[in-house]
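Notebook open, pencil ready. Here is what I looked up today, entry by entry.

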Amino acid sequence: MGGSPIFCLWRAFAMDLQATLERTLGGLGYELVDFERSGKGRLLRVFIDKPGGINLDDCAAVSHHLSRVLPVEGIDYERLEISSPGLDRPLKKESDFERFSGQQVRIKVRVPVNGQRNFVGILRESNAGRVQLEVEGKLMSFDLGNLEKARLVPAV
């Protein structure tokens, strides 16, 4: 009774989509921050960034380009949305944590640390798959694999 379980097929599709988006956006001078599919996969929302930030013209240019690339790559969708990551930008890659060192971040861990899952502090360092966060004057270290969510905290 062959075939891969459906979640394996979705994971492979998501990895292909991510590779296509990273390759295409990188060629245009943008960074893929994140993407999401919703509405039974009919809506594709892509979050982009570049040094200096994103404006409406950037979103329009990326939308125009992706609307031509994605069908050629066999990626099916009905509606495409391009957006900046926002002031509370998600941090996903180790390079994100390096780039935003010194900024205030909010993280949620999968497995509790000292009985706690949510932390807010100053991002101090990131290397070798670990992130250091200064929380209430104490330096704490978190494994990147244990992070469920990490976002910048917008300055007030």
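**Entry: helix α2.** I began with the buried residues of α2, which are D58, C59, V62, L66, V69 and L70. Buried means under 20% relative accessible area, exposed means over 50%, and partly exposed lies in between (1.4 Å probe, protein chains only). An α-helix has 3.6 residues a turn, so residues three or four places apart point the same way.

This is a predicted model, in which local features need pLDDT of at least 70 and side-chain atom pairs count only at pLDDT 80 or more, while totals for chains, interfaces and linings use all residues. Residues are numbered from 1 along each chain as its sequence is written, and side-chain values use heavy atoms, leaving out hydrogens and water.

I noted how elements are named: helices (H or I, at least four residues) and strands (E, at least two) are DSSP runs, numbered from the N terminus.

Next I checked the length of α2. Its 17 residues (56–72) should span 24 Å at 1.5 Å a residue, and the end C-alpha atoms are 25 Å apart, which agrees. The expected span is 1.5 Å times one less than the number of residues.

At the start of α2, a side-chain oxygen of N55 comes within 2.9 Å of the backbone nitrogen of D57. Just after α2, G74 has a positive phi of about 80 degrees.

**Entry: the sheet.** I found an open sheet of three strands, ordered β1-β2-β3, with mixed pairing. β1 (31–38) and β3 (79–83) are at the edges with a single partner strand each, so one side of each has no neighbour in the sheet. Two strands pair if DSSP finds at least two bridges between them. β1 pairs with β2 (residues 43–49) in the antiparallel sense over seven bridges. R37 has L44 in β2 as its bridge partner.

**Entry: L80.** Is L80 buried or exposed? L80 is buried, at a relative accessible area of 16%, and this residue sits in strand β3. Leaving out residues up to four places away in sequence, L80 touches L44, V46, S63, L66, S67 and L70; contact means heavy atoms within 4.5 Å. I also saw that L80 and R45 are 35 residues apart in sequence, yet 5.9 Å apart in space, C-alpha to C-alpha.

**Entry: D49.** My last stop was D49, in strand β2. D49 is buried, with a relative accessible area of 8%.

Conventions. A polar contact is a pair of N or O atoms within 3.5 Å; within protein, one must be able to donate a hydrogen and the other to accept it, and residues adjacent in sequence count only if both atoms are side-chain atoms.
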